[in-house]
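Hi,

Here is the structure I promised to pass on.

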Amino acid sequence: MTHAMLKGSNVPLEATAVRAVLRWTPGSDVPEVDASALLLGVDRRVRSDEDFVFYNQPRHPSGLVRSLGKKRLPDGVTDSVQTDLAALEPAVDRVLIVASTDDVPFERVRDLRIEVYDATAAGGAEPLAYFEVRPETGAETALICGELYRRGEGWKFRALGEGYSNGLIGLATDHGISVDETDEAERADRAGEAAASPAPPAVAPADATQPMQPGYGYPQQGSDSPAQGAPAPAYGFPQSASTQPAYGYPQPAAAAAFAPDPNFRLPPQGPQFVRAQ
C-alpha cells in the first residue's frame, strides 16, 4: 500500500534499505534539480563534512548512503539517493533528503515530489510513500523534502518541505558543515574582474645592438664576438640575443616569465558547490 503524505506526517518503514526518489516535470524554463542527503546525529548536526552526500561527493565513506544519479523518463526526470538503514551506525540518528537547484527558485520547478521505495524489492514495485513537495514562498533554492529518522528499534519517514533561500550553502552551514565564505557567485565575480583587468606590459626583447650582460667573470666587448656562423660561444664569452642568458645573469624576459600571477587566489576550503567538470 502506498501512503499519500501531507506535510508533517510520518509513516513507519519496515524496509532495511530505502531509495528516495525526487521526481519533477522538465521544461525549457525549469531548472535541474539535484538530490542530496545529510547524515545527522541526535544534535541534528553532521559529525564531519563527509556526512554530506551531494553531486561532488556522491558516496558516503561507509558506502551506506549514495547517490544513484539522474534518469530521464517519459513522465519526468528523477534523481535518487539510496540508504541502507539497517547497517547505519547508531551515531546516525536521521538522514535528510534534500532537493536543490543552481540558484534558481523552486517556484519554477513543476510537479516536484519525493517517493520512497523499498530498495530490496523487485523492480516495478509501488512506492511505500510519496509526498507532493510545495515550497512555502517559491524563493527557496534548497528544500528538505523529507527525513528518515530512528524511532525505537525501527525507522520512519517524515514529509517536511522546509526551504532555504540561500541554497545548499545555507542548509549545509545550518547543520554544522564548514563552508568557505567564497561561494560560486563570488568566484565568478572574481574571474570576471581578472578577465577585465589589463594584461601586464610585455617585456620587449633585448636589442641585439646593445651589449649583453657579461659572462661569468669576463666583461665582454663587441669586438670579441665570434664570427657569424661560428659555433656557440664557449664558457665566458659573449652570448647572442637568441641564446640562453649568461651564467648567473637572468635576463628581463626570463624573469618576467616566472613572475607571480597577480590574480592568483587560494582555492576555497570545505565542500565545493561548483559542479565538477
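A definition to start: buried means under 20% relative accessible area, exposed means over 50%, and partly exposed is in between, with a 1.4 Å probe and protein chains only. Lys 7 comes out at 45% relative accessible area, so it counts as partly exposed.

Before the rest, some ground rules. This is a predicted model, where local features need pLDDT of at least 70 and side-chain atom pairs count only at pLDDT 80 or more, while totals for chains, interfaces and linings use all residues. Residues are numbered from 1 along each chain as its sequence is written, and side-chain values use heavy atoms, with hydrogens and water left out.

Back to Lys 7: you'll find it in the loop between β1 (3-5) and β2 (10-13). (Strands are DSSP runs of E, at least two residues, numbered from the N terminus.) Its C-alpha sits 5.2 Å from that of Ala 159, although the two residues are 152 apart along the chain. Leaving aside neighbours within four places in sequence, Lys 7 is in contact (heavy atoms within 4.5 Å) with Phe 131, Glu 136, Ala 159, Leu 160 and Gly 161. With Glu 136 there is also a side-chain to side-chain polar contact at 2.5 Å; that term means a pair of N or O atoms within 3.5 Å, one able to donate a hydrogen and the other to accept it within protein, and residues adjacent in sequence count only if both atoms are side-chain atoms.

Then the backbone. Asp 103 is not a glycine, yet its phi is positive, near 60°. It belongs to the loop between β8 (94-100) and β9 (110-118), and its 58% relative accessibility makes it exposed. Asp 111, in strand β9, also isn't a glycine and has a positive phi of about 60°.

Cheers

Note on methods. Helices (H or I, at least four residues) and strands (E, at least two) are DSSP runs, numbered from the N terminus.
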